[in-house]
Amino acid sequence: MTTVLPEAEQLPADPSLIHLTYHHQHSVEAFEFDDTLEVWKVKALIDADVLAEDMAAYSDVDQETLDALQDIAVGTMSFVRVRMHGPEDPFEAMDSYTGDVSRIGETVLNVGTGEWDAAFEEALAHPVGDLLVMDRVILEPEWRGFGLGPVLAGAAIRRLSQECVAVACEPGSADGRQLTETQHREAAAKLAGTWSRIGFEPFADGVHILDCHLQRPHDLMAERRSEFSELCRAWRARHRPLP
């Protein structure tokens, strides 16, 4: 007998169809901090063609309905890769982007020298490489509450953190809501717990870090992928039952 997770029934669509698309652009001739700061925009979505193919395989829906399907937005993420051995000062590059990224730079870097802050360097297993900043992770409201944030962020980190010493973030609401100071603290605490599920740990001044050279983050991400696979199976058991 198949056990169906209650929350799986509330998912808008089959989560196994979610894909991540990555976008990064730069000029051929480096402009300002192009050689030091890489901004990556990541979209989580279900492609309309993939959705149509899946629906056609499991239902008798007509072609007109299939042709009218559109991509389903799941969420958006943004990451900033800071190249530590580029031609520009890494803190100046971070300071030029956003206040949030600048605050992380002030915490992990020695602002005067552009090198790692001594405490940050001491906290790392192998402090040689670049820094990846997880700047924003925002899920569409209907996709929240299923544990997808760590799964999607972890998948993106796996692709973007090659040759990085760590991933840094500052947990806090990033969906544009106006929050009181108390609500902000509560949201930050909740998100800190969320990101701890893929290996982020408190460092200093509200900044959390994931050490890319430790085994624990890899183990935690494997656990999240296993949970995601279970969620996908549960959704299909509910919506695609075997005859």
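Guide: The questions below take the labels one at a time.

Visitor: What kind of model is this, and which cut-offs apply to it?

Guide: This is a predicted model, in which local features need pLDDT of at least 70 and side-chain atom pairs count only at pLDDT 80 or more, while totals for chains, interfaces and linings use all residues. Residues are numbered from 1 along each chain as its sequence is written, and side-chain values use heavy atoms, with hydrogens and water left out.

Visitor: Why is Thr-36 called buried?

Guide: Buried means under 20% relative accessible area, exposed means over 50%, and partly exposed lies in between (1.4 Å probe, protein chains only). Thr-36 has a relative accessible area of 0%, so Thr-36 is buried. Its place is in the loop between strand 1 and strand 2. Of the 243 residues in the protein, buried ones make up 40%.

Visitor: What surrounds Thr-36?

Guide: Contact means heavy atoms within 4.5 Å. Leaving aside neighbours within four places in sequence, the contacts of Thr-36 include Arg-81, Val-82, Gly-86 and Pro-90. Glu-88 is also one of them, and a polar contact of 2.4 Å joins the side chains of Thr-36 and Glu-88.

Visitor: What makes a pair a polar contact?

Guide: The pair must be N or O atoms within 3.5 Å; within protein, one must be able to donate a hydrogen and the other to accept it, and residues adjacent in sequence count only if both atoms are side-chain atoms. The side chains of Asp-135 and Arg-136 are joined by such a contact, at 3.4 Å.

Visitor: Is Asp-135 counted as buried or exposed?

Guide: Asp-135 counts as buried because its relative accessibility is 14%. Asp-135 lies in strand 4 (residues 130–139). Beyond its neighbours within four places in sequence, Asp-135 is in contact with residues including Ser-78, Phe-79 and Tyr-97.

Visitor: Why does Ala-57 count as exposed?

Guide: The relative accessibility of Ala-57 is 59%, so Ala-57 counts as exposed. Ala-57 lies in helix 1 (residues 48–58).

Visitor: What makes two strands a pair, and in what order do the strands of the sheet stand?

Guide: Two strands pair if DSSP finds at least two bridges between them. The open sheet of 7 strands has the order 1-2-3-4-5-7-6, with mixed pairing. Strand 1 (19–23) and strand 6 stand at the edges with a single partner strand each, so one side of each has no neighbour in the sheet.

Visitor: How do you know that the pairing is mixed?

Guide: Strand 4 and strand 5 pair in the parallel sense over 4 bridges, and the bridge partner of Val-133 in strand 5 is Ala-168. Strand 5 (residues 164–169) and strand 7 run antiparallel, joined by 4 bridges, with Cys-169 bridged to His-208 of strand 7. Strand 6 (residues 201–204) and strand 7 are also antiparallel, over 3 bridges.

Visitor: Why is strand 7 described as largely enclosed?

Guide: Strand 7 is largely enclosed by the rest of the structure because 5 of its 5 residues are buried. Val-207, Ile-209 and Asp-211 point one way, while His-208 and Leu-210 point the other way. In the hairpin of strand 6 and strand 7, with 2 residues between the strands, Asp-205 takes a positive phi near 50 degrees.

Visitor: How do you know that the length of helix 8 agrees with its residue count?

Guide: The expected span of a helix is 1.5 Å times one less than its number of residues. Helix 8 (residues 215–239) has 25 residues and should therefore span 36 Å; its end C-alpha atoms are 37 Å apart, which agrees.

Visitor: What do the buried residues of helix 8 pack against?

Guide: They pack against helix 6 (148–160), helix 7 (181–196) and strand 7 (207–211). Among these buried residues are Leu-220, Arg-224, Phe-228 and Trp-235.
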